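Work through the exercises below with the sequence and the model open beside you. Try each task before reading its solution.

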Amino acid sequence: KLTVMLNIFRLEFLIVLRSGSHVGLAFSFFLFFMLLFALSSLGNTTLLSGLGLTAVWLSLLMSILLTLNKIIHEDFKSGVLDYLLISDVPIEITLFCKTLVHWVSVVIPLLIITPLVLFTFQISSDNVMKVVFILLLGSPSLSFVGMMISCLTLLNRSSLLLTTITIPFYFPTLLLGIFCCASTNNNLIALEYLLLYANTLFTIVISRYISAYAIKLNYS
């Protein structure tokens, strides 16, 4: 299984490197939404610093939702998912690898530029590193929830309905993430941080099974 997963990782990374459009799209939306939040503060420094933590989580969510949904729906339209269903490799493993590759290729680059963006929100350097660390631990949950939602809505072409349906599923991660970022407790094994870790781990574990079931349901 390890060899199979490594081969899938390599193949998915090659696909991402050849297209590159998803990474560019994620960067564009991430910076666009952060700019909107910055402009909404109307130059108020206090309001600007307060918006920073919420802005980075919501901007990251929108970038993930847009790119991941595009990837899985393109695979559905091109017939790639048909092949995955009949291949010898369990589709659960393939979906796990695809989601992980998406997180590494799209989310990690966004996290690299996040410190520079947060500095513009008047957030101190100590807090910036803490926020990036929490984003690193919490963001995989956003990608894996996004994969589940994309698979559940394969036959739905209404983007408005899709957004409405998906928002509540992200609430636990968003609320825990924003709360941990705003917390003055720097003990990373405190209750709020442990809840965020558990939420991410739980999502990673169940995501591939729900996603695979959703794809099979759409084909039944």
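## Exercise 1: A residue in helix H3

Val 56 lies in helix H3. The model is a predicted one.

**Task.** Decide whether Val 56 is buried or exposed, and list which residues it contacts beyond its neighbours within four places in sequence.

**Solution.** 

1. The relative accessible area of Val 56 is 1%. Buried means under 20%, so Val 56 is buried.
2. With neighbours within four places in sequence left aside, Val 56 is in contact with Phe 30, Met 34, Thr 114, Leu 118, Val 131 and Leu 135.
3. Take Thr 114 from that list. Val 56 and Thr 114 are 58 residues apart along the chain, and their C-alpha atoms are separated by 7.8 Å.

## Exercise 2: The largest nonpolar core

**Task.** Find which residues touch the most other members of the largest nonpolar core, and which helix gives the largest share of this core.

**Solution.** 

1. The largest nonpolar core has 41 residues. Those that touch the most other members are Phe 30, Val 56, Trp 57, Leu 60, Phe 121 and Leu 142.
2. Two or more residues of this core come from each of H2 (21-40), H3 (45-78), H5 (91-119), H6 (125-152), H7 (159-182) and H8 (191-219).
3. H3 gives the largest share, ten residues.
4. Now look at Phe 30. Apart from neighbours within four places in sequence, Phe 30 contacts Val 56, Ser 59, Leu 60, Ser 63, Leu 110, Ile 113, Thr 114 and Val 117.
5. There is also a second, separate core of twelve residues, with Ile 91, Leu 154, Ala 212 and Ile 215 among them.

## Exercise 3: Aromatic rings

**Task.** Work out how the rings of Phe 32 and Phe 33 are arranged as a pair.

**Solution.** 

1. A search of the whole structure finds three aromatic pairs.
2. In the pair of Phe 32 and Phe 33, the ring centres are 5.7 Å apart and the planes are at 80 degrees. Planes over 60 degrees apart count as edge-to-face, so this pair is edge-to-face.
3. Phe 29, Phe 32 and Phe 33 form one aromatic cluster.
4. Phe 32 is at 44% relative accessibility and so counts as partly exposed.
5. A ring may also have a charge over it: the charged end of Arg 208 sits over the ring of Phe 96, 5.7 Å from its centre.

## Exercise 4: The whole chain

**Task.** Say how many helices and strands the protein has, and what percentage of its residues is buried.

**Solution.** 

1. The protein has eight helices and zero strands.
2. Of its 220 residues, 47% are buried.
3. Among contacts with a separation of 6 or more, 81% are between residues 24 or more positions apart.

Conventions. Residues numbered from 1 in each chain as written. Predicted model: local features only at pLDDT ≥ 70, side-chain atom pairs only at ≥ 80, totals over all residues. Heavy atoms only, no water. Core = buried A, V, L, I, M, F, W, Y, C linked by side-chain atoms within 4.5 Å. Buried < 20%, exposed > 50% of the residue type's maximum accessible area, 1.4 Å probe, protein only. Helix = DSSP H or I, 4+ residues; strand = E, 2+ residues; numbered from the N terminus. Contact = heavy atoms within 4.5 Å. Phe/Tyr/Trp six-rings, centres within 6.5 Å; stacked < 30°, edge-to-face > 60°. Lys NZ or Arg CZ within 6 Å of the ring centre and 35° of its normal.
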